[in-house]
Amino acid sequence: MNDLSVSFTFRLSPEDKNALSELAERLGCDRGAALRRFIRQASRRPAPRQAGQFTVNGRVFPLKLGMGERGE
Amino acid sequence: MLQRIGLSAEGFDPDRDRPPFYDETTNTAYWVGIYQPQAEDREVCFASILSLTRDTESGAYEAQLAPCMVGDWDQAYTASEHLIGIAERSGDIERVFEAAEGMAIAAHQREGWQHEHGVSLEPESAQSIGDYAVRQWELDL
């Protein structure tokens, strides 16, 4: 069951609908986009060997994370 | 500081080039900023602490990144400002890390930290940041 074309239907309580609408309004997008953004952010964690950049005071440092070995 | 005493240096911008927090007892520099796995993606940004020190035996720079919370750019920026405020008020990096860890636990980022202060950076990344820090601020790491 890995069909990415499948669409989902689910019920939201009136409170959840209101909360999602308020969230979407605050983010300046529609409710679907707000949900997608939430899902993307919730599942993200920096991965080993991932490149990226670190911004501080307008200065950008390119960087790459290490292998992910635990050292505590 | 230079501007405050009436001096200026070519290419020096005090807003862009504020020095990091520096702990003299451990010779470690700390920056609070925003990590982006993908530079163009402003919806996935991590308020983070970058720490930099030097291995006393090998002399190699060692850097760790502690992602604290994830959100869009504005949310990550607000969280970073909160941490910077704690650093400025307390002058104690441990207080900053206490708040940062709380954020990381709430945002399910803490379990990704491999070390006390986050995730290790690749040696080349640590080296280039270390070179910049020493050149720019003459830090004694």
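A:Phe54 stands opposite B:Tyr35 in strand 2 of chain B, a pairing across the two chains of a predicted model. Residues are numbered from 1 along each chain as its sequence is written, and chains are lettered from A and ligands numbered from 1 in the order in which they are written. In this predicted model, local features need pLDDT of at least 70 and side-chain atom pairs count only at pLDDT 80 or more, whereas totals for chains, interfaces and linings use all residues.

Strand 1 of chain A and strand 2 (residues 28-36) of chain B run antiparallel and are joined by three bridges; two strands are taken to pair if DSSP finds at least two bridges between them. Helices (H or I, at least four residues) and strands (E, at least two) are DSSP runs, numbered from the N terminus. The contact between the chains takes 25 residues from chain A and 31 residues from chain B, two residues being in contact if their C-beta atoms, placed from the backbone, lie within 7 Å. On the side of chain A that touches chain B, helix 2 (31-42), strand 1 (51-56) and strand 2 (59-64) of chain A each supply at least two residues. Strand 1 of chain A gives the most to this side, with five residues. By class, the side of chain A that touches chain B has six nonpolar, 10 polar and nine charged residues; Ala, Val, Leu, Ile, Met, Phe, Trp, Tyr, Cys and Pro count as nonpolar, Asp, Glu, Lys and Arg as charged, and the others, Gly among them, as polar.

Chain A has two helices and two strands, which run α-α-β-β from the N terminus on. Helix 1 (residues 14-27) and helix 2 of chain A pack with their axes 8 Å apart, at an angle of about 85 degrees. The two helices of this pair, helix 1 and helix 2 of chain A, are therefore roughly perpendicular. Axes are lines fitted to C-alpha atoms, for helices over the stretch in contact, and angles run from 0 to 180 degrees between N-to-C directions; angles under 35 degrees count as roughly parallel, over 145 as roughly antiparallel, 65 to 115 as roughly perpendicular and the rest as oblique. In this packing, A:Leu20, A:Ser21, A:Leu23, A:Ala24 and A:Leu27 of helix 1 meet A:Arg31, A:Ala34, A:Leu35 and A:Arg37 of helix 2. The contact of helix 1 with helix 2 of chain A comprises six nonpolar, one polar and two charged residues.

Buried residues make up 12% of the 72 residues in chain A and 37% of the 141 residues in chain B. A residue is buried if 20 or more other C-beta atoms lie within 10 Å of its own, exposed if 12 or fewer, and partly exposed in between, with C-beta atoms placed from the backbone. A:Val6, in the segment before helix 1 of chain A, counts as exposed because it has 7 C-beta neighbours inside 10 Å. A:Val6 and A:Ala42 are 36 residues apart in sequence and 21 Å apart in space, C-alpha to C-alpha.

The secondary structure of chain B comes to three helices and five strands, in the pattern β-β-β-β-α-α-β-α along the sequence. Among contacts in chain B between residues at least 6 apart in sequence, 58% join residues at least 24 apart. Strand 1 (residues 21-23) and strand 2 of chain B run antiparallel, joined by three bridges, and B:Ala29 in strand 2 is the bridge partner of B:Tyr22. These two strands of chain B form a hairpin with four residues between them, and B:Asn27 in the turn has a positive phi of about 50 degrees. Strand 2 of chain B is also joined to strand 3 of chain B, by seven bridges in an antiparallel arrangement, with B:Trp31 partnered by B:Leu50 in strand 3. Nine of the nine residues of strand 2 of chain B are buried, so this strand is largely enclosed by the rest of the structure.

The largest nonpolar core has 39 residues, of which B:Ala47, B:Ile49, B:Leu52, B:Leu65, B:Cys68 and B:Ala100 touch the most other members. A nonpolar core is a set of buried Ala, Val, Leu, Ile, Met, Phe, Trp, Tyr and Cys residues joined through C-beta atoms within 7 Å. Strand 4 (61-71) of chain B gives the most to this core, with seven residues.
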